[in-house]
Every structure is written in C-alpha cells, then in structure tokens.
Amino acid sequence: MKQGRFREDLFYRIHVIHIKVPPLRERKEDIPLLARHFLRKYAEKMKKESLEFSQGAYQKLMGYNWPGNVRELENCVESAVAMADKKVISEDSVLRGKAPGPSGPMAFKDAKTEFERQYLIHLMEITKEMFPKQQS
C-alpha cells in the first residue's frame, strides 16, 4: 500500500478476518497429507500412475525443517515424481542433497503414531476401492 502497488480500500475490504497459518515445520502432521496430494497431482500430470511414498520417504519428509514451507514441499514432490522410475518413491528420492531439520530423526512415539495414521488411511483407501459406494 505504501508503495502504491496495492489499493488501500481493497486491503481493508479483504482484511476483515486475520488468519494466521503457522509454518509447515510447526504442523508436521500436515506433511503426509500434502505430500500425498502433490504426489497424485504430479503423477497424473506426468502420466505416472500408482506412485506412492515409502514409509522411509514419509519419515524423511517429516524430519525436514521446510524453510520454504508448502511451496518447497510441492517442488520436492514434483522432483521426486519426475525422477521416479519405480512405483514406490524411496527416502533416497526425496530431499536430495538436503540435510534433515535441526530436530533430527522423528521421536519413536511420533513415528509410531504417524505409521498408524498412514496405515489406517491406506486401509480406508483399499476398503473404498473394494466396496465402492452403490448408487441408488
């Protein structure tokens, strides 16, 4: 606004509710969901169907600090999909050349919780495919 590149009246119209979105490093539980979304998006775009991440890849993604937030995660997944030559993207294929975040490896309790969550999501997806909703 001060530089004259954004209209002041428009700013006050859209600035009714302030929404604070914490950085990705503060909401690690969103990483698998976002990574899976981007995986499907780019797999479809690149015509590489049935791709999935290994548990090790998820753990590596969750252990990283994500200074670039969601955009960095999206670019990371797009790169992994582009380079994928197998159906499962391993931990070696994500975050190539990047060091894990300062938090280091995931705590056992967090890793167990994340594994259980991913396992249940996977079971629900399989069940949905086996028993599609019948239309009336």
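Visitor: At what angle do the axes of helix α3 and helix α5 cross?

Guide: Two packed helices are described by the angle between their axes and the distance between the axes. Here the axes of helix α3 (residues 55-63) and helix α5 (residues 108-130) cross at roughly 130° and come within 11 Å. Axes are lines fitted to C-alpha atoms, for helices over the stretch in contact, with angles from 0 to 180 degrees between N-to-C directions. That angle makes α3 oblique to α5 (under 35 degrees is roughly parallel, over 145 roughly antiparallel, 65 to 115 roughly perpendicular, the rest oblique). The model is predicted: local features need pLDDT of at least 70, side-chain atom pairs count only at pLDDT 80 or more, and totals for chains, interfaces and linings use all residues. Residues are numbered from 1 along each chain as its sequence is written, and side-chain values use heavy atoms, leaving out hydrogens and water.

Visitor: Which residues of α3 and α5 meet?

Guide: Contact means heavy atoms within 4.5 Å. Q55, Y58, Q59 and M62 in α3 meet A111, E114, F115 and Q118 in α5.

Visitor: How are α2 and α5 placed, and where do they touch?

Guide: The axes of helix α2 (residues 31-45) and α5 come within 12 Å and cross at roughly 40°; these two helices are therefore oblique to each other. From α2, P32, L33, R36 and R40 make the contact, and from α5, E114, R117, Q118, I121 and E125.

Visitor: Which element gives the largest share of the lining of the largest pocket?

Guide: The largest share, eight residues, comes from α5.

Definitions and conventions:
Helix = DSSP H or I, 4+ residues; strand = E, 2+ residues; numbered from the N terminus.
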